Amino acid sequence: MARRIILANPRGFCAGVDRAIQTVDTILKASHGPRPDGLPPVYVRRQIVHNRHVVEQLAARGAVFVEELDEIPDEAAAAGIPVVFSAHGVSPAVQREADRRALAVVDATCPLVGKVHREVLRFVREGYEIVYIGHDGHDEAVGVVGESPEHVHLIEHAADVDKLEFTPDTKLVLLTQTTLSVDETADVIAALQRRFPWIELPPSSDICYATSNRQEAVKLVAQQADCMVVVGSANSSNSVRLMEVANEALGARGEAHRVDDAAEMDPAWFDGVDTVGVSSGASVPDELVAGVVERLRGLGFSEVDTVETIRENMHFVLPKELRAQR
Ligand code: SF4
């Protein structure tokens with residue numbers, strides 16, 4: 001029997017990542033080569049999306065990535081060099097700093113992350129305490145918690161629920177990071193509801209369409225495979241979750257491996273494997289998946305099939321500052 005690759009669909013770029021990359025790309029294209037003052041055409045705060053290859057490619061075209069706004073010189077602010085905020089969003093403190101320095105901000109925060117920020121503000125206005133399930137230190141979580149640090153209580157796992165203390169007269173609502181595992185969140189929500197039965201759930205889940213769709217597809221593929229390769233960077237929350245979902249679906253039959261690209265694959269993973277499933281996180285260009293498929297072909301996986309769970313047609317318009325430039 002021929003060795004087989006099963007590609008999960010949907011995989012790879014989501015609408016928020018596509019929009020964020022297009023944002024930087026549009027600015028770079030409009031910049032027409034190096035500036036006489038030696039300043040770069042664009043600054044990007046943090047990784048525009050959590051993928052090493054994407055960041056390296058944009059940096060090679062002139063984008064300068066900074067961790068914090070204080071790395072941007074005053075001359076750049078005076079010259080109106082655009083500063084892009086990444087897809088993961090920023091806290092109000094960062095926005096205030098940008099305003100204070102009159103930086104020309106182009107906000108590429110994914111609209112679905114922006115929705116969670118607005119929910120925080122609304123619930124705080126209405127007197128709620130917010131339990132937020134997210135990853136401590138992740139850019140998205142930092143931005144959301146930063147909207148109201150005294151009222152947003154970050155937890156990661158079901159075990160963290162025990163650390164929370166609220167009395168029944170406290171209005172309590174749950175919000176979540178957009179890129180968590182649907183199944184894992186269910187466990188945490190169950191623990192929260194046991195301890196705080198009056199906690200309210202948001203009208204619709206904050207876990208975004210792209211995260212849910214990729215997890216559904218990876219689960220189906222892993223159920224038919226002996227091993228999975230998930231393409232995505234280690235700091236990409238949704239890629240790491242995909243690997244965990246794949247591992248659960250594989251069970252004792254095999255293991256899921258996360259790689260940044262084909263070069264990180266170890267041929268020993270595929271000893272005795274007939275069917276390998278392949279997927280990729282929402283920040284991963286499909287050329288990296290193509291590289292993985294090519295390497296697997298070289299290892300004797302000659303058949304390639306696709307399992308598609310849903311066809312996505314989501315699209316977000318560019319940030320308002322750029323719409324005139326397209
Ligand atoms: S994974 Fe979801 S929330 Fe994150 S950028 Fe993509 S669409 Fe937006």
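UniProt, in an unreviewed entry, puts the label "binding site" on H50, H88, H138, S236, S237, N238 and S283. From this set, H50, H88, H138, S236, S237, N238 and S283 turn up in the lining of the largest cavity. UniProt positions follow the numbering used here, feature names are shortened, and annotations may be inferred rather than shown by experiment.

Keep in mind that this is a predicted model, where local features need pLDDT of at least 70, side-chain atom pairs count only at pLDDT 80 or more, and totals for chains, interfaces and linings use all residues. Residues are numbered from 1 along each chain as its sequence is written, and side-chain values use heavy atoms, with hydrogens and water left out.

**The annotated residues**

- H50 lies in the loop between β2 and α2; helices (H or I, at least four residues) and strands (E, at least two) are DSSP runs, numbered from the N terminus.
- H50 counts as buried because its relative accessibility is 7%; buried means under 20% relative accessible area, exposed over 50%, and partly exposed in between (1.4 Å probe, protein chains only).
- Not counting residues up to four places away in sequence, H50 touches H88, H138, D139, S233, N235, S236 and S283, with contact meaning heavy atoms within 4.5 Å.
- E140 is what UniProt lists as "active site", again in an unreviewed entry.
- E140 is found in helix α6, residues 139-145, and at 3% relative accessibility it counts as buried.
- Leaving aside neighbours within four places in sequence, E140 is in contact with H88, V113, Y132, Q177, T178 and T179.

**The ligand**

- The ligand sits in the largest cavity, which is to say that more than half of its atoms lie within 2 Å of the cavity's grid points.
- Around the ligand you'll find C14, G16, V17, C110, L112, V113, T178, T179, C208 and Y209; a residue makes this list if one of its heavy atoms lies within 4 Å of the molecule.
- Helices α1 (15-30) and α5 each supply at least two residues of that shell.

**Helix α1**

- The 16 residues of α1 should span 22 Å at 1.5 Å a residue, and its end C-alpha atoms are 22 Å apart, which agrees; the expected span is 1.5 Å times one less than the number of residues.
- α1 is mostly covered, with 12 of its 16 residues buried.
- The buried ones are A15, G16, V17, R19, A20, I21, T23, V24, D25, T26, I27 and L28.
- Those buried residues of α1 pack against β2, α2, β4 (82-85), β5, α5 and α8 (209-223).
- Just after α1, H32 takes a positive phi of about 50°.

**Helix α5**

- Buried in α5 are V113, G114, V116, H117, E119, V120 and F123.
- An α-helix has 3.6 residues a turn, so residues three or four places apart point the same way.
- The cover over the buried residues of α5 includes β6 (129-133), α6, β7 (152-155) and β8 (172-176).

**Helix α9**

- R241 lies in α9 (residues 237-250) and is buried at 7% relative accessibility.
- Beyond residues up to four places away in sequence, R241 touches H135, T179, L180, S181, E184 and Q215.
- V245 lies in α9 and counts as buried at 6% relative accessibility.
- With residues up to four places away in sequence set aside, V245 touches S181, Q215, V218 and K219.
- The C-alpha atoms of V245 and H88 are separated by 22 Å, and the two are 157 residues apart along the chain.

- A cis peptide bond joins N9 and P10, with omega about 5°; P10 is in the loop between β1 (3-9) and α1.
- R46 isn't a glycine, yet its phi is positive, near 65°. R46 sits in the loop between β2 (43-45) and α2 (52-60) and is buried, with a relative accessible area of 15%.
- A102, another residue other than glycine, has a positive phi near 55°. A102 is in the loop between α4 (92-100) and β5 (104-107), and is exposed with a relative accessible area of 56%.

Note on methods:
1 Å grid on protein atoms, 1.4 Å probe; cavity = no way out; pocket = protein on both sides within 12 Å on 5 of 7 lines; lining within 4 Å.
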